[in-house]
Amino acid sequence: MDGWMLLYNNFEGQMGLVQHFRAGAPPVINPIETAFPNSTSVSLAHNLTLTIPSGQSGNVTLFNVTHPKPGDWFLAAHMPKDEGKIEQQGLPSCSYLFQAQMFLRRAADLPILQHNIPLYQTLTTTPALFKVFVPEFTSRLDVFILNCSVKLGNDCGLSITVGSSTLRQGSEVKQNCSGLESCSASVLIPPWNSWLLVTVETSQPNTTIPFSISANVTVGCKPLSVSSDFNTSAFIRTITAPQSNSSGGLSNTSVSMRDQPGLRANSSEPVCMRSPSVLRDEQDVLSLRFIVSSSNLTVTSDLPTVLTLEHSPGDSGGTFVVQLHLNTSSLVGGFARVKACLTPSAPVLHVNLSQTCATGLMQGYSLSVSSNESQALLRIPFPDTAVWYLSLQTVCNDSVDCRNASAIVSASVSVSACIDDCGPYGECRLLRTYSYLYGACVCKAGWQGWGCTDGATAQSYSRQMAAALLLTLSNFFFIPPIVVALYRGYHVEATIYFFTMFFSTFYHACDQPGVTVMCIMDYDTLQFCDFLGSVVSVWVTIVCMARLQDPVKYLLFMAGTLVISMAMQLDRRGLWNLLGPVLFALVIMVTSWVYRGVKRHQCYPPLWRRWVLFLLPGIVSALIGVCVYVFAQTDSNYYYTHSIWHVMVATSVVFLLPPREKHIPPWGWTNKICSYRRCKNEKVELYTVT
């Protein structure tokens, strides 16, 4: 199969786009070069950087992958790290458009290479493609080219390629047959139960070359099954009893003849491994564990113990976790250590002799436990979608009784959404891109990395405490507006200011990224009340400045609050949630002031001291707060720029609140509750009538 991917990118200004490609699972990327958690093994994906020159609005890039590996391919793209500026939603900003399109050209009706049956073909300038099936328990695949002939000269210039491209080194085996009439390409431990692509090419131009090709598959051995007295039903009842309320299901992942009890009893084929049964327990989304039939595995030096771990396509969005524990009291013979190899598609059959834990076309991962280090941990983010094999074998020392060396090892294998649930400084989130679900950590307090374990830029406890205190205590600047409003008889306004101060204080106490967090109620409720109180405070202040009659003023208070509540529920961070009420309130205020000025034939407010000492300082304070809020906030300075916003808004309210009415005494309690003089007069009148 020939395939290529067409990437269309549309940008404005000079910007670099980094794209990552991977077959079989999402790409593991590290764009800002953070440290991965301990015991985490990663293989970074193939990347391609596209830079759009300044003044060019778009770019079309063609990325070709010849003979790609069958299955799912994943593409991830990201921009360079930004400056951390907090942009207000709704304001103009740079827009970047990235479009990816994939075009495939399929090679249909490929000839099938039968085992040990030659196939006669004629090669032209176009490469000849074949496919061969590799059954289970295959230890070697050989592809032979025989009887090659060319009209001019003796060199056919042929080359053989076994495997498909995955953009990783070692995914294909190539053999140059130049100068040879017959040659072969061999793959040790090829992927089991899969079709492999075989490509034959020539370096001779404009030449027709007849040749014959054949394939040979060597099945060296089959596994030693579990004992025939193993009671599967009783085992399933045992492991499901403690989890009777679990919503997950159990499924047996061993579907081949390796799990048939007594299979090896009447077989003369050599035995090369032990393969206990493995059950798959799906507990939740991106949360499963593999349960081995025997919790304690006896690992010997003569035969490897192989666990078969079948992954479904949805498991590749999580983290593959393997833990080994050695029972140090069970060591027998010349024991040195237990070596384990975790490989996809096919197992390593000679673990104690393997140096790299690699099979023919796939690179694996190694672990080991010994008497000095009895525990081992391996974590693989975004594992390939394949059948994984965990091979364990005892490695001996120089003792003479090496054949009798053994140990008991317990293995725990699982898949989780995130590494250690992102730890104390992160939050594990399940993200969905179209129909694909994967897990990722969202770090806080300056922590970074796949597991939020990289503390190179982490905030210290003192800095976290300073940020929490600034963001919470700065809300106490609303106490002067509350006092001024009460003194001037604006009790409803004072109540709203108190509401804003209370919920803004506890919202920022709950919104802290580190350990200095205190939530008195649900975070979403605190956020809603904080946003609502902030906008309503601005609304009632401007409407109060219009000096309307009380029935009209309170009607606008209530109607505006209801509309703002609805808008906040739709989109809390929308620009028009604040801008709309402000503009509408300003229209009401200006209309009222113009009406009063025309009616009195003088400017309103009439006193220049009111303008110079109150209105202008209030407007300047409000403008400073808005400019800091919109243009100056970044991730690094948020805790003090947002505190400045609190102070400026509260200060502007002190200056902008209108003076009290002449008929209202200070604090306004007499007229607002019940006038003692009015009640006294009514009593006198009643007494007189009587």
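User: Which residues does the UniProt annotation "domain: EGF-like" cover?

Analyst: This is a predicted model, in which local features need pLDDT of at least 70, side-chain atom pairs count only at pLDDT 80 or more, and totals for chains, interfaces and linings use all residues. Residues are numbered from 1 along each chain as its sequence is written, and side-chain values use heavy atoms, with hydrogens and water left out. UniProt positions follow the numbering used here, feature names are shortened, and annotations may be inferred rather than shown by experiment. According to the unreviewed UniProt entry, the EGF-like domain covers residues 441–452. That stretch is 0% helix and 25% strand, and its end C-alpha atoms lie 7 Å apart.

User: How many helices and strands does the protein have?

Analyst: Helices (H or I, at least four residues) and strands (E, at least two) are DSSP runs numbered from the N terminus. The protein has 11 helices and 29 strands.

User: How should I read a sheet, and in what order do the strands of the sheet with S7 stand?

Analyst: Strands of a sheet pair through backbone hydrogen bonds, either parallel or antiparallel. Two strands count as paired if DSSP finds at least two bridges between them. Here 4 strands form an open antiparallel sheet in the order S7-S14-S9-S12. Strand S7 (119–123) and strand S12 (183–188) each have a single partner strand, so one side of each lacks a neighbour in the sheet. Within it, S9 (residues 140–146) and S14 (residues 209–218) are joined antiparallel over 7 bridges, and Arg140 is placed opposite Thr218 of S14.

User: Which strands stand at the edges of the sheet that holds S8?

Analyst: That open sheet also has 4 strands, in the antiparallel order S8-S13-S10-S11. Its edges are S8 (128–134) and S11 (173–176); each has a single partner strand, so one side of each is without a neighbour in the sheet. S10 (residues 158–162) pairs with S11 in the antiparallel sense over 4 bridges, with Val162 bridging to Val173 in S11.

User: Is Ala467 buried or exposed?

Analyst: Buried means under 20% relative accessible area, exposed over 50%, and partly exposed in between (1.4 Å probe, protein chains only). Ala467, in helix H2 (residues 461–473), counts as buried because its relative accessibility is 7%. Contact means heavy atoms within 4.5 Å. Neighbours within four places in sequence aside, Ala467 contacts Gln512 and Tyr639. The C-alpha atoms of Ala467 and Tyr640 are 7.3 Å apart, although 173 residues separate them along the chain.
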